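Q: I would like a close look at one part of this model, the packing of a pair of helices, together with what surrounds them. Please keep the description plain.

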Amino acid sequence: MSIKVKRSRAQPMSRLLSGGGELAPLMRTAKLIARAQQHLRDHLPEEVREHVHVGGFREGKLTIITDRAVWLTWLRYERARLLELLHQMPEFAAVTGFNLKVRPVRPLKVPDRHVRNLPAPAADEIAACAAGTEDPRLKRALERLASHAQPRE
């Protein structure tokens, strides 16, 4: 029993993402969403900007996501003004309303930074090694490494 495999050639990303590529409609939608996000953020009060994100566009409605219910309530009161803001841009004239959603955003946990200190005698040895090295790239790398030594007391 044999399995026939479709042998399609890999396509360059530039062709996939260009105006006639397979991903072009997706890229156009992503650019529109990014423009809507930026336009809204430019016109929102400072305390609200960080909490409002445009999530998508479907069937004439723009999905706006916020991280707290208090901002959802604020968005409900401001619907008419936000719709006017979007209608200032011709590509958003078709927006008839909003789908408002609360999706708590978990902050990215930044890993703890582990700083390693290089003892001064080790830095001296590395600096001496750098002084005796003729390869310029290796010499710069060793000098950079030696510069991380603990401060001398």
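How are α2 and α5 oriented to each other?

A: The model is a predicted one. In it, helix α2, residues 24-43, packs with helix α5, residues 79-87, at an angle of about 125°. The axes of the two helices are 10 Å apart. Angles over 145 degrees would count as roughly antiparallel and those from 65 to 115 as roughly perpendicular; α2 and α5 are therefore oblique to each other. The crossing of α2 and α5 is right-handed.

On the α2 side, the contact is made by A36, H39, L40 and H43. On the α5 side, R81, L82, L85 and L86 take part. By class, the residues in the contact of α2 with α5 are five nonpolar, two polar and one charged.

R35 forms a salt bridge with E91, with 2.3 Å between the closest N and O atoms. R35 belongs to helix α2, whereas E91 sits in the loop between α5 and β3. The two residues are 56 residues apart, and the pair links distant parts of the chain. Side chains of opposite charge can pair when their charged atoms come close. With a cut-off of 4 Å between a side-chain nitrogen of Lys or Arg and a carboxyl oxygen of Asp or Glu, the count of salt bridges comes to three.

α5 lies across β2 and β3, and runs at about 120° to β3. Helix α4, residues 69-77, lies across β1, β2 and β3, running at about 170° to β3.

The sheet is open, with three strands in the order β1-β2-β3 and mixed pairing. Its edge strands are β1 (52-58) and β3 (97-102), each of which pairs on one side only. From one strand to the next, the twist averages 25°. Strands of a sheet pair through backbone hydrogen bonds, either parallel or antiparallel. β1 and β2 pair in the antiparallel sense over six bridges, and G56 has T63 in β2 as its bridge partner. The hairpin of β1 and β2 has two residues between the strands, and E59 there takes a positive phi near 50°. Strand β2, residues 61-66, pairs with β3 in the parallel sense, over six bridges. T66 has V102 in β3 as its bridge partner.

Taken together, α5 packs with α2 and also lies across β2 and β3.

How values were computed
Residues numbered from 1 in each chain as written. Predicted model: local features only at pLDDT ≥ 70, side-chain atom pairs only at ≥ 80, totals over all residues. Heavy atoms only, no water. Axes fitted to C-alpha atoms, helices over the stretch in contact; angles between N-to-C directions. Helix = DSSP H or I, 4+ residues; strand = E, 2+ residues; numbered from the N terminus. Parallel < 35°, antiparallel > 145°, perpendicular 65-115°, else oblique. Left-handed = near helix turned anticlockwise from the far one by under 90°. Contact = heavy atoms within 4.5 Å. Nonpolar A, V, L, I, M, F, W, Y, C, P; charged D, E, K, R; others polar. Pairing = 2+ DSSP bridges.
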